[in-house]
Amino acid sequence: MSTETTTFRRGRPRSERARQAILEATVDLLLERGLTAMSMDAVAAVAGVSKATIYRWWPTKETLAMDALYQEWATSPSAADTGSLRQDLRHLLYPWAALAARRPYGRALAGLLAEVRMKPDFALEYRTRFVEHRRDQGQLILQRAIARGEIPADTRIEVTLDLLYGPVYHRMLHGHAPIDEAFVGEVIRTVLDGIRPRPHDSGAAAP
C-alpha cells in the first residue's frame, strides 16, 4: 500500500497529480525557507507523498527546486514578431517580469545560483533550462531586428541581452525596488537608445 495521503483532484493520472503536488509544494517551501533550509522530508509532508515518490523523479533537492521554479516561469510567451524591435522586447519581457514580481523569487533564485557556483554538473543543467532558452528567444528577436535594419548588423547581441535581462535579475535578487512594466519599459528604452543607429550613421532607421 502507498503511504501517500494527498486527496488528488480528478482528471489527471495519479502519477501526474503527485508530480504536480510535489512541484507546487517545492515552490511554496522555496519561497518560505530558501533552498538551504528546504528538505525533501518537508516537501513530502506538504505534498502528501512519500520521499520515494519524490526521488523517483528528482535525485536531489537542487534538481527538484530547479524544475519547480522552471514550471512557475514556463508560462512566459515565445518570441513574438510584431515587426518592431521595441514591441517584440515588450512581448518577451513584460510577462516574465510580471511573473518575477508576483512572488518573492529572489531567495529561491539565490539558492540555485549558489549551487551553480559549486556544482559544475548542476550548473550545466541550470544554464540549459533557465538561461539558454530565454536568451535564444532574445537572440531571435535581435537577429530579426538586424535583418529589418532597425539596429546595426554589428550589434553585440550577447552584451545586449545581458543589458536587457540583467536589471530584472538585479532587482529580483536584491529586492531594493519594484519590478513592473514601467521599469522594464525604461530598461528597453535605455538599451535601444544605446544600440540603435545615430543620426550620422548610415543604413537603418531607428526602431
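1. In this predicted model, Ile54 is in contact with Ile22, Met40, Val43, Ala44, Val49 and Leu64, its neighbours within four places in sequence being left aside. Ile54 also belongs to the largest nonpolar core, a set of 63 residues, in which Ile54 and Met172 touch the most other members.

2. At least two residues each come from α1 (14–33), α2 (40–47), α4, α5 (85–102), α6 (106–118), α7, α8 (157–174) and α9 (181–195). As general background, nonpolar side chains tend to be buried together in soluble globular proteins.

3. The axes of helix α4 (residues 61–73) and helix α7 (residues 120–148) come within 11 Å and cross at roughly 5°. Because angles under 35 degrees count as roughly parallel, α4 is roughly parallel to α7. On the α4 side the contact is made by Glu62, Thr63, Met66, Asp67, Leu69, Tyr70 and Trp73, and on the α7 side by Phe122, Glu125, Tyr126, Arg129, Phe130 and Arg134. By residue class, the contact of α4 with α7 comprises 7 nonpolar, 1 polar and 5 charged residues.

4. Which residue forms a salt bridge with Arg129? The partner is Asp67, and the closest N and O atoms are 2.8 Å apart. Arg129 counts as partly exposed, at 26% relative accessibility, whereas Asp67 is buried, with a relative accessible area of 15%.

5. A further salt bridge brings together the side chains of Arg144 and Asp81, at 3.9 Å from N to O. Here, too, distant parts of the chain are linked: Arg144 lies in helix α7 and Asp81 in the loop between α4 and α5, 63 residues apart. Arg144 is buried, since its relative accessible area is 18% and the cut-off for burial is under 20%. Asp81, in contrast, counts as exposed at 51% relative accessibility.

6. Within helix α9, Glu186 and Arg189 are 3 residues apart and therefore separated by about one helical turn. These two residues form a salt bridge whose closest N and O atoms are 2.8 Å apart. Both are partly exposed: Glu186 has a relative accessibility of 42%, and Arg189 one of 34%.

7. Salt bridges that share partners also join Asp81, Asp88, Arg144, Arg148 and Glu150 into one network. The count of salt bridges comes to 18.

How values were computed. Residues are numbered from 1 along each chain as its sequence is written. This is a predicted model: local features need pLDDT of at least 70, side-chain atom pairs count only at pLDDT 80 or more; totals for chains, interfaces and linings use all residues. Side-chain values use heavy atoms; hydrogens and water are left out. Axes are lines fitted to C-alpha atoms, for helices over the stretch in contact, and angles run from 0 to 180 degrees between N-to-C directions. Helices (H or I, at least four residues) and strands (E, at least two) are DSSP runs, numbered from the N terminus. Angles under 35 degrees count as roughly parallel, over 145 as roughly antiparallel, 65 to 115 as roughly perpendicular and the rest as oblique. Contact means heavy atoms within 4.5 Å. Ala, Val, Leu, Ile, Met, Phe, Trp, Tyr, Cys and Pro count as nonpolar, Asp, Glu, Lys and Arg as charged, and the others, Gly among them, as polar. A nonpolar core is a set of buried Ala, Val, Leu, Ile, Met, Phe, Trp, Tyr and Cys residues joined through side-chain atoms within 4.5 Å. Buried means under 20% relative accessible area, exposed over 50%, partly exposed in between (1.4 Å probe, protein chains only). A salt bridge is a side-chain nitrogen of Lys or Arg within 4 Å of a carboxyl oxygen of Asp or Glu.
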